[in-house]
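I opened this entry to record what I looked up, item by item. The coordinates come first, and my notes follow.

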Amino acid sequence: MQTSTPRRQPLEAPRSAGVAGIVFALLLAAAIVLIRLGIPQGADAVTTQAPDPARRSAVQAALMLVPFAGIFFLWFIGAVRTHVGDSEDRFIATVFLGSGLVFTATMFGAAAAAAALLDTAHPAGTSPSRPTWDFGQHFAYTLMTGYAMRMAAVFVCSTSVIGHRLGILPRWLTVLGFLSTVVLLFVSSIVPWAELVFPAWSLLLSSYLVVAGFRRSATAPAS
């Protein structure tokens with residue numbers, strides 16, 4: 001006699017994942033803005049060889065935020081995967097997890113490059129040579145915009161696919177995720193400040209998950 005296995009309920013919006021995603025988005029956005037202001041790139045960097053005390057403090061504040069942004073991002077990934085459980089597609093889930101981990105590692109690498117640039121900016125009260133400053137600046141921005149943001153694009157795309165397949169994301173949010181993927185893949189390394197698309201998308205997605213979780217709790221019948 002065969003016993004029927006209870007069918008797993010569709011994925012619900014995990015409130016804990018939404019809260020973690022909101023904190024991550026705010027921390028990452030703040031870190032990006034502070035780094036952009038403290039270590040200019042492009043035309044703004046032509047007349048800037050070493051940061052003044054205000055810019056140096058801005059970058060140091062950003063470097064303090066990055067580890068906590070990574071922690072909350074990993075919390076966000078873990079909460080989503082735990083809630084998906086057996087319903088997840090192994091291929092998409094692997095891409096989702098892998099891109100998230102590589103993004104975190106690359107983001108930490110960019111922060112370390114920025115920290116190294118600051119540490120060599122004023123040895124014994126002197127300024128670094130122009131080639132040293134240019135190399136450190138270019139290295140930090142290449143890690144952030146060229147590699148970390150492309151891994152973020154893969155993460156956004158895989159998250160949108162998972163949300164669409166399991167029916168937890170509305171069509172407009174899925175489309176927005178795919179548009180964000182294109183921007184992060186092809187625009188972030190060319191247009192300054194375009195990397196803010198990732199924390200903006202994360203904030204929007206996480207806010208939707210939190211609101212959806214509260215709505216579901218309000219409409220659920222009392223047991």
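I looked up Ala-93 and found it in helix H3 (residues 90-119); helices are DSSP runs of H or I with at least four residues, strands are E runs of at least two, and both are numbered from the N terminus. Ala-93 counts as buried because its relative accessibility is 4%; buried means under 20% relative accessible area, exposed over 50%, and partly exposed in between, with a 1.4 Å probe and protein chains only. I noted that Ala-93 and Ile-162 are 8.0 Å apart in space, C-alpha to C-alpha, and 69 residues apart in sequence.

The model is predicted: local features need pLDDT of at least 70 and side-chain atom pairs 80 or more, while totals for chains, interfaces and linings use all residues. Residues are numbered from 1 along each chain as its sequence is written, and side-chain values use heavy atoms, without hydrogens and water.

I then searched for salt bridges (a side-chain nitrogen of Lys or Arg within 4 Å of a carboxyl oxygen of Asp or Glu) and found 1 in the structure. The side chains of Glu-195 and Arg-36 form this contact at 2.7 Å, N to O. Glu-195 lies in the loop between helix H5 (171-186) and helix H6 (197-219) and Arg-36 in helix H1 (residues 15-38), so the pair ties together parts 159 residues apart in sequence. I recorded both Glu-195 and Arg-36 as buried.

Lastly, I checked the faces of H5. Leu-173, Thr-174, Gly-177, Ser-180, Thr-181 and Leu-184 are buried in H5. Seen down the axis of H5, its buried residues fall within an arc of 115°, so they line one face of the helix; the arc is that of the directions from the helix axis to the C-beta atoms. I found Arg-171, Leu-179 and Phe-186 exposed on the other side of H5.
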